[in-house]
Every structure is written in structure tokens, then in C-alpha cells.
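Subject: Handover of a structure and the findings from it

Dear colleague,

Please find below the structure that I am handing over to you. My notes on it follow directly after.

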Amino acid sequence: MNRAHVIILAAAAWLVSAPATGASYRKSNQAKEREQLIAKLSSDINKVDHSIDVTKDLIKRSPDAPYLADLVFRLAELYVERSRYVYARLMEQRPEGQQVLEGEKALEVQISKRLAIETYERILKEYPEFDRNDQVRFFRAHEYRELGEFEEMLKAYQELIEKHPRSDWAIEARLILGDHHFDKGEINAAEKFYEGVLQLPESHLHDMARYKLGWIRINQEKFADSLKLFEAAVISERKKKRGAIGDARSLDVKREAMLASVWPFSEVKKPYQAAGYYRKLAESKSIYLAALKKLADRYFVKTEYPSSALLYREIVPLSADVEENIEYVQRIYESVRNMSKRNPARYANAAGDVDAIVTTVARFQNAYKYSDEEKKKLRHDLEVRARDLATQLHAEAQRKKDAKKAQVAAEAYRQYLSLFTDAEQYPEIQLNRASALNEAESYLEAGRQYERIALKLEDGPKRREMLYDAIAAYHRSLDEDTVYRRKHPTKPGLLNKLELLRGREGLKQLGAYYVKTWPKDKNVPAVKFNVATMYYQQGHYEKASELFTAYVEEYPTSKDASTAGNLALDALNKMDDLERLAKQAAAFAQNTKIADAGFRKQAEEIAKAARKRNVEMTVIDTTEGDFSERMLSEWEKHKDSAEGEDFLYTAFVKYKNEANVAGVYDFGGRMIGAYPESPRLVDVFGTMGAFAVRAADFERAAFMFEEYSRRFPQEANANQLLTSAGSIRLMLGEYDKAAEAYRRLRKGGNATERMTAHEKLMEVYREARDWEALARVAQTALQDNNNWLGAAFHLGLAYLEQGKQELAQRELARAAQLQARTDFDQQASGRLNFELGRLLHTQYDEIVFRDVASSQQVLSFKLQYLEAMEQSYIGAISSGDGFWGIPALHGLARAYQEFGKFIAGAPIPDGMSRAERTQYQNALKQEGQQYEGKARQTLEACQQKARELKVFNAYATACLAGSISAVDAATTRSRSRLEAGEGYKRELAALRDQLVKKPEATSLMIDIARKAVSVGDYHLALLTLSKAAETDPRSPVIQNLLGVTHWHLGDHQSAFGALQKASRAKLPEGAANLGALYQEFGYAEEADAALGSVEGGRINLSSPDVHPRVRVAMSERGRS
Amino acid sequence: MSWRPMLLVWLAACLSGCGLRHTVDRSLLSEIAMEYKLTLFDAENEVSIAMDERDHIVRQIQELKRDIAEAERQQEDASADGVRARRNNQAEKAALADQAAEVFGLKVDYLEARLDLLRTRLDVQSTFVDVARAKLELAKAQLVERNNVRGAESVNVAKFEQQVEDYVGRAKKAQEMLNRVQGEVDEVKATWLAAREKLNQASGGGWGSPWAEDGGVWGTE
């Protein structure tokens, strides 16, 4: 029944609201339909009448039935139903234009209702316990309401509420009563009933009660309560119970409550809360939009423009209604324009607003129901508004230098440009956008915008300007990114990969075009620099290097030249192209046009370092077997450049570190030959010399040291090495070369070095018995220091040996008066007295008796000489230097002997008798015998002292042999010039190679020494063994060989010292050699003892460890 | 160029019979403890390095092909510029554009010569790969011999050493030939650069400038 009722009402409503326009067909159709409806209603009335009859009959026939009340209730409902059908039919049958029923027609309806009321009252009376009496009362009240009998209605509803307070029907009754009072403006009465509903358990009518109560609160200006009630009505669960009777049934309470809430919301909450608030409440987009629209309109009406704009902005993107949206975007614009000029956010939403305008216009353009004229007009109007919004914001951003606003303005421009492509101001807005992007520091986008503008222009100043601006913007964008990345290396940059690529490629392409088109433009250098930078940043180092190099060559005085130069070099470095890096750096260093001297200096350093690294890398890349060959090949390639030297030197250093003698000599030699001025020769000569020493290749070592000092005299160790060279030469017996070295030292050295040079030179010439040279050297030394004992002695010695006795005597005598200050002086002073004695001895020997008359005078003269000579010899003896003490003793013995003979042979004065003559002769003989006796005693002392001191020279031998004759002790020491075969040289080289690698290996030194002794190369042996003895001074083998070598060289005293050590260590060869030495010098007992301790079979007489004299000594011993 | 076929023929002759003559069966190594096999890693690494280098050359070839296509496009653009300039009675500009087209033509020549060189380098690199492989086999042979595993008697280290020497000799010769031909490519490059410099001078630093070299096509599309 209810459903039918709704349909009828809906149909009626449709009929009423149908537009009048619409053709006659529809009209006739309506009439027909109406007839059909009336017929159907008539049929329904008949059916209901029949049902009433049937029900009445049933009631009559069932007086005691328990469902009788139900039947009566059914009857009442049938009356109600009938009244409605009748009402409907009457309404359909009324004439057109008549709105209400009058007179009799209304009466028919009222009769049915009255019957119904009577029937309901019968039930209440006859069946007071009927369980549906609440419903009966509700229906009865309702019928009163239908009849317009409101007083009865109020009583009936009130009775229902009293009798059935918690019944659902009582809830609805309260609602109806509330509405009744509400409609009459009796707010307090209405409020009581609505609140009564809400106090009951939740029902389908509660939302309505809340809704109504919400309005009451608005009237009471209790907006917060009102909003709560509306909100509660919206969010409460929907009840699926039947709807209420009457208007409440056709009302979507929740939607209405939502819309009604707009009022209190605007009073209680903030506009910006609206979107979130209603989005949460609304069940659908349409309800949400309806609420927002209502609210926005309310704000707009209230001239709260920021709030209305805020909500319209929310609505436009969601709304599908183009027409409405046009209104809304205009309202947005008006809101913005009407906002206070002081409002800082006035144009803050320009981008979104322009977007809204653009989107709306675009949709409007496609709407079929508008004419082209309308569209054109609207497009124009909105273009003006969009442009105004964007430019106003941009102007504000410029005024305030606000980058964020500029960014929004740029976005607004972008929106504008996306639609209004035909606008007259389009190019201007393009430029504005580029400018805004620049101001917003969105340089990449700015660059792209400038580029887009330039693309549409012809070549000319405007295009050039745009392109340059684009290039500058791209550059700035990339630069900022680079700076950021450098500062935050672990974070992503400001630009993503695509943006980086866009920026770089953009700059490269535009730059290339710029340079190509306007090569003489003032900005070209900057453009070129930036283009090159792009290649560098993209890792295209080959191209980057080419461009930066070209930049430096083209703009050598530019402030960026040094940066460009550095980047050019760095690009080559990044490519690991060290060879080109070295060349380019050297080219920069030599380019005098480059203004930045610091950069050129730096380039020079880089060139050096690159060359070095290039060589090092070549070394690393070269296999061991190919190393030498590769280095030489690289050297050949770069012979004329510093790089060539680097290759040789690197190879040299490698071999030096590996102690590879051949490699060091090979590459060192090449270095010396190819780069004689190279400062690296300091290392080369020093190293080669040191290697030569280590390899016992002393001649080469001396050469290297000499060359070193000759080429690098300023080096701190130059004179030290020269001294070493002289010493080596001296030990090698190369006196000329030794002298040359010392002469150079004397010339270039300091005072101490000069003194050493003097000493060594004197030693050299003394050993070489070059008396003339010795005299010159000694004289030179005396010029430096006239009180130098050693020099004076050597000058005296030189004179003496030259036969310049007077000079000799003068110098020796002067020397004898001087103080010994050094070891050299000390050594000299021992010999000095002996030599002086020897000189006097020569003169003494020349004093002979001539005649009787002068005999006394001669005797006295000779005696004076004897005394002087005695004094000198005694001086030598008491000097403690046994080597010269023994000759002095021997000389003294000889002098006494001679003096004895001299006296004995004195002429006898004339006029003496025979007896007197005999007596005189006896007296002389006696006197002579005394001296001869003294001579024998001295000789014995000499023998004793020789044995004691073990002196090995001719004087000692003479003393030991009891010989008092003059001794020729002159010996010349010089290196024997041997002619060794190739085999010896090869063996020596092999041993030296090993020795360099194991410089402490004494066994190798011993091997070298033995080979040297075998071929008579005693000086080499001596030097090698001296080196070995430094390493292992206790080795008997080394000492033995040293002794043998000294012996070969004629230094018997040194030989004894070494052999004695070897013998004491029980080395058979040592004992044998010592024995033979003893035997050679006349120490018979010692020789017996030493040789006796050696069994013949235990030593190899052919060994270089055994002196050839051993064989002789052994055989002599065997014979004896 | 004349040298590449020569080299190819030579390489083909040398490598006839393809593959290493002497190899060590991996099964011989199975009984050798891992710590002794460490010596093989270096040799295996060498093979990987040589092969990586070969791949690198392949990539360079691909890049170079793109460069050639780009240069050809630039040549076409320059020619089109010339035609347009003539149509607009800009004789000077037309002459410059023609000159630019020629220069790009020379650039194409140079890039093609480089492409040829790279292809040859690829062939030569293959010989280096063979050397590395031969060394790996030698290392395996030495390992087998040193550990005297079952089957070691069949491995003759001297033959492996000889094999390495043969391949090294071959690679050296190939490298020498390559070095010689590098000079020829340099000559072609020099010709192109000289022409480019002339163009650079004629255009006053525009056309022919190294800056305009790789990006002169902006605005043409």
C-alpha cells in the first residue's frame, strides 16, 4: 500500500513538473494515461470495498475468534486505504488548474477516514489488551491529522506517548508532535519532543530528530551543538526499518543534515578545515561537493574571499559541471582580486587558479551546447584573468625577491602557455616564464624555456640573446648541482640523471650553435669554456682535453685560462694518457703567452710528474724478461726529450734497487753518455761508484768518484768521494792518478781537505820516489803552513834523496825543531831523525884525514859529526818507531865502527920516534877498539831490539846477520801491470755480480783476492782483502791472504802483522808464511818454530794462500 | 687500407689449425689440493683481463660507428645549408657550407680509418687472448708435473713452454704491424684536422671550430 502511494505521488509530481513545451503528442498521451489511471483507481476502490464487505462478514461470523481484533484492525486499514484511493481518483478527476478538493468530493474521503477512526476506537474500547494498540493509536492520530483535526490529533498522539512511551510508534508520534510545534514556531515545545526521541534507543527516526534539533540549535545560536547534531545525523548507522509516515519518508536526512551543517560549520570551524571535514563525512563525491559548494557560496556571500576561494579551488577539479565551474573559476578570480592587498597569500595559488581556468576553458571549448561566439568570449575573458593572476604574482615575487613565489608564477605561466597558444601575449608570457624560472632558481627549466623561445626566432640579436640566456641558465643549473654534490658526496644531486643529461646536452648543442653562428661575439669565450666543461663533466675526456687546450691557446690571458689548462691536463690524466699529459703540460709550461705564471710553473711540475708516472706505468706493464728491451725501446722513442732520460733513469733505479750490477752499469753508462748534463748523474755516478766498491771493482769505483767530483763539485760529498778515489788509486799503486785526485782536492777543498791532500800527495810521491815532485808538494804545503813538521820533513827528505844535502839538512833540522801535531807528523818524526842521522852519516863518511897537520882538526870535526849524528840516531831510536829505530841503531853501530877504524888509521905526527910512534899507534888502536866495541854493543842492541820488535827491513836483517855494512834499503812500490786473460776477467765479473748482491759475503772477497793473487794483481787483492777484513777482522784466512799480499807488495812489516794473526789462529798456511817471512829476514829461531809447527802435507804450496818463499824456506829447512 | 688484409692473412696463416696444440685435461688437476692451485688463479686472471680488453674494443667499435653516422649527418646538414644559402643568394655562406661539408667528409674518412684500425686491434687482441690461454695451460702443466699426479708422465712441460713462446712471438709481430699502421691513421687524421683548421680560419672561428664540431645541429629539426 505504502509503495503504491509513493508511486502515485511520484507520478503526480512528475506530471506537475513536466515542462509545458514538448509537442501535442505528449499531451494526448498524458490524457490517455490519466484515463487509464482513473480506471485503475476505480478498480482498486471496488476491490477495497469488496474486501471491506468480506472483512465485515468475517467479523460477524467469528464472534469468539482470538484474531477478531486483528480482523477489526484490518477493517480500519481498509477504510484508510479506500480513502486514499478515493482521494487519488478525485485528484485525477478534478479539472485542470484546480489544486484542492471541495465540498462533496472531499466528504467522500472524509467518510472513509471517519469510518476508519471509529473502527480504531472500537478496537481500543473492545480490545484494550490488543498488542498492536500503539499502532492503532498512531493510525487513529494520523487520520485526525489527515482530516485536519489537529487538536484531536495532538490528543491522540499524546495518549499514544503516555500509554506506550517506548513504542516505535510513540517515537514517531514525538517526531510528528515536534514537527507540529516546530512548524508553528513553538521551538521550546518542539525541542522537548525531539529530545524525547533522542533519549530513547537508536531508531530510524533519530537522525531526523537530530536534524530538526540541529536547526533548533541554530535558531538558539548554539552552533557548536548544532554542528554536532548534524554531524551525528550524518555519521549514525542507517536503520533499515520502515520509513516514517509523511514527509520524513521522502527526505534523505543524512544529505540534508550534511548540507545543513554548512551553517554552523562556517560559524564554528575554519575554512581550511572544510575539505578534510566534509571528505570524512561524505559518503559520495556528489554529497561532498554539494556541501563544499554551499559552504563556498556562504563565504562568498559573507565576502570572506580567501575562504570562498579556498573552497572553490577544492571544488573545481572535482566538479564535472562545466557551467558551474566557469562560475566558480570566475568567483575564484573575483575572490583573489577582492582580497586585501596586504594579504601575502593573495596570489599564492595563482598556479592552481590558472590551472583551474585553463582546465575549465579547455572543457568549455569542447562542450557542444555553447556557440562559438560564447566560447570565444569566455576564452578571451578567462585568458585575461589567467594572465592577470600569473603576472600579478610574478610582479609580487619580483618586488619581494621571493623565489618560491617566482616558482609558482612560473608554473602559472606554464599553465597559461599550455592553452592560450594563440594569445597575442603568448611570446611575452614565454619570456616571463623564463624570467620567473630564473628568479626561482630553476635554472634548468629556465634554460629550456629560453631555448624554446630561441627555436621560434630567426638568427639575429634576439635569438642570440635567448640562446645565451639559455646557456647561462643551463650552466648555472649544472654548476649548482656540482657544488651540491661536492658538498654532499653521499647524497643524490640536485638534478637527477635525466636533468643532468638535458642540461649538459642542452649546453653543448646550444653552445656549438652559438659559436658556429656568432664566433666573434663577446660571450663566445665563456660559451666555449662551458661547452668544454660539459664534455669534461660527462666524462668525454678526449674531447674535453682538446677543447680546453684550444681554449688556452686561443685565450691565454683569460682569467679562466689556468682553470682550462688544469682541466685539459686533468682530462688527459683521467684517460691515463700520461704521455700526452706530459707533452701537453710541457707545452703549457713553455707557452709564454699564458699570463698566469703560477699555472705555467704548475704545468712544469705536472709534466715532470706525468713523465715519471708514465715511465713507472710502463715499468709496471712490462714483464721482467722484456724490461731492459722495453726501456731501451721507449728511450729510443723519446731520446730527444726529458722522457727519454726518465726511461733510462727509471731502469737504472730499478736495477740499483735490485743490485743488478750489469743493469746499473748498462743504463748508468747510457745516462752518462746521452745526458751528460743531467743532475741525475749525481745518483748515477754515486751509485755506480758504490756498486763498484761493493763489487771490489776498485778502479771503476775510483773513476766514478773522480767523475762525480769533477761534474758535481758543488755536491756536499764531492770532495769526500774524491778523497776516496785518491785513496783507491794510491792503494792500487796508480800514483799518477792518485796524485791528480789529491791535487784536485787540494785545489777545491777546504783547509782540512787541503791538508789531507797535501799529506796524501807527499805520501804518493814518497812512495813513488819522485823526489822532485815531493819537494814541490812539500813546498806548497809549507806555504799553507810553514810550521808543519810533516811537510818540512818531506821537503828535507826530497832534498836529501836529490843529493841537495845542505838544503836537506836545513829542512830536516828545521823539522826536528817543530812540534808533531798529527799522526802524519808523528810518523814523519820517527823517520826524520833517522834521515837526519843518515844525512850526517854521509857527510861524516866524507871526512877523512888529509895530512898530519890537519889531523887534529879533522878528528875533532869528525867527532863533532859523530856526536851530531849520534844525537839524531838516538832521537830516532827514542821516538818509539821501531821501523826507524832499528836502522838508527844499525847506522849508529856502523858509525862507531867506522869511527874506531878512523881513529886507528889517524896519521902519525912527524918527528916521532919509533917508540913514540908505536905508543901513539897503540893509543889510537885502543881508542879505536873502544869505538868498535861500542859498535858491537850497538849492533847487539839492534839484534835484540829487532827480535823484540819484529822489524822487517834490511837494517833488521843486517843486524840479525851481524853485518855492520851499509844497507841499501831503497824500495819502490807500484802496481804490477799484469796481463790477465779473458777468463780471469770473466770470473772476476761473475764474482763481482754476486758480491754486489751480497756485499757482506767475505767468501766472495776471498775468492776474488785469491784469483787476483794468482795473476799477480796484488793491489786488487789488497783492496779486496782490506774490505774483507773490515767485515770480518778475525778471519785467519783473510789475515793470511792479507799477509801474503803485503809481502808480495814489499810491505813486510804489514805482512808480518797479518801473518802473525793468522798463525796465532793456528792456520797452517799462516804459520808457514810467517815462518818463511822470518826466515827471509833472518829470524832463524822464529822461522824454525813457525815452520816446525807446519806439517808439509797439510798445505798446498801452489795455493795463492801460500807465499812462494814458503817453498824455498821449506826446502832449505829440509836440507838443514 | 692495404695493411689490414695483410695482417688478417698473416694471422689466419698463423692460427691455422685453430686452438691450442697442447692443453692439460682438467681432470689431472682434481687430485691437487686447492692451496697448490692458487698459482693458476693469476693465469686465469690474465685470460679474463685479455678477454675484457677484447670486449672493450668491441664497445669502442660500436661507439665509433655512431660517431660515423653523426658525422655523415653533419655532412648532409652542411650540404643542405649550402643549398639554402645559394637559394637565398648568400654566396659566401654557401661556399663556407660547402667547405664544411668537405671537412665532415674528411672526418668520416678518418673515423672509418679508425674503425678499420680498431677492427684490426680486435684481431690482434685475440692473439693476446691466445697467449694468456697458452700461459694458463703452461701453469697447469707445471702444476701437474710438480705434484706428480697420476697421468703427469703424459705432460711434457717443455712443449707447453714452446707453445707459449710461439704465441708470444706471434702476438709481438701482430703488435708491431699494428704500430706501423697506427701511423697511417694518424696521417688521415692530420689531413682532416688541417682542413678543419682552414675552415675554422675561413669562418672566423665558427664552422670548423672544435666547439662546433659535435653539436652543430641544433635548430635544424
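How exposed is A:Glu616, in terms of relative accessible area? A:Glu616 has a relative accessible area of 29%, and the residue is therefore classed as partly exposed. Please bear in mind throughout that this is a predicted model.

Salt bridges in chain A

A:Glu616 also takes part in a salt bridge, its side chain meeting that of A:Arg613 at 3.3 Å, N to O. Both residues belong to helix 28 of chain A, which covers residues 597-621. They are three residues apart, about one turn of the helix. A:Arg613 is partly exposed, because its relative accessible area is 44%.

Helix 26 of chain A (residues 561-574) holds both of them, and here the spacing is four residues, about one turn of the helix. A:Asp570 has 23% relative accessibility and so counts as partly exposed. A:Lys574 is likewise partly exposed, with a relative accessible area of 41%.

A further salt bridge joins the side chains of A:Lys302 and A:Glu304 (3.5 Å, N to O). A:Lys302 counts as partly exposed at 30% relative accessibility, and A:Glu304 counts as partly exposed at 29%.

Over all chains, a search of the whole structure finds 95 salt bridges. Which residues are linked with A:Lys543 in a network of salt bridges? The network links A:Lys543 and A:Glu546 with B:Lys107, B:Arg196 and B:Glu213.

Other positions in chain A

A:His206 lies in helix 9 of chain A, which spans residues 206-219. Is A:His206 buried or exposed? Its relative accessibility is 1%, and A:His206 therefore counts as buried. Apart from neighbours within four places in sequence, A:His206 is in contact with A:Val197, A:Leu198, A:Leu200 and A:Pro201.

A:Asp640 is placed in a loop of chain A, between helix 29 (627-637) and helix 30 (642-657). Because its relative accessibility is 83%, A:Asp640 counts as exposed. Its C-alpha atom is separated by 9.4 Å from that of A:Ala674, a residue 34 places away along the chain.

A:Arg769 deserves a look for its backbone: its phi is positive, at about 55°, although the residue is not a glycine. A:Arg769 is found in the loop that runs between helix 36 (751-768) and helix 37 (771-784) of chain A. With 26% relative accessibility, A:Arg769 counts as partly exposed.

Chain B

Chain B contains four helices and zero strands. Read from the N terminus, its elements follow the order α-α-α-α. The chain has 221 residues, of which 42% are buried. Its accessible surface is about 12000 Å², and carbon and sulfur atoms account for 50% of that surface. Considering the contacts in chain B between residues at least 6 apart in sequence, 82% join residues at least 24 apart.

Which residues gather in a patch of negative charge on the surface? They are B:Glu72, B:Glu76, B:Asp109 and B:Glu112. Two helices of chain B, helix 2 (34-87) and helix 3 (91-147), each supply at least two residues of this negative patch. B:Glu72 is located in helix 2 of chain B. At 34% relative accessibility, B:Glu72 counts as partly exposed.

B:Asn148 also has a positive phi, of about 50°, although it is not a glycine. This residue sits in the loop between helix 3 and helix 4 (157-202) of chain B. B:Asn148 is exposed, because its relative accessible area is 62%.

With kind regards

Conventions:
Residues numbered from 1 in each chain as written. Chains lettered and ligands numbered in written order. Predicted model: local features only at pLDDT ≥ 70, side-chain atom pairs only at ≥ 80, totals over all residues. Heavy atoms only, no water. Patch = residues over 30% accessible without salt bridge, like charges linked within 9 Å, V, L, I, M, F, W, Y side chains within 5 Å. Areas by Shrake-Rupley, 256 points an atom, 1.4 Å probe, with all protein chains shown as cover. Salt bridge = Lys/Arg side-chain N within 4 Å of Asp/Glu carboxyl O. Lys, Arg positive; Asp, Glu negative; His and termini not counted. Charge placed at Lys NZ, Arg CZ, Asp CG, Glu CD. Buried < 20%, exposed > 50% of the residue type's maximum accessible area, 1.4 Å probe, protein only. Contact = heavy atoms within 4.5 Å.
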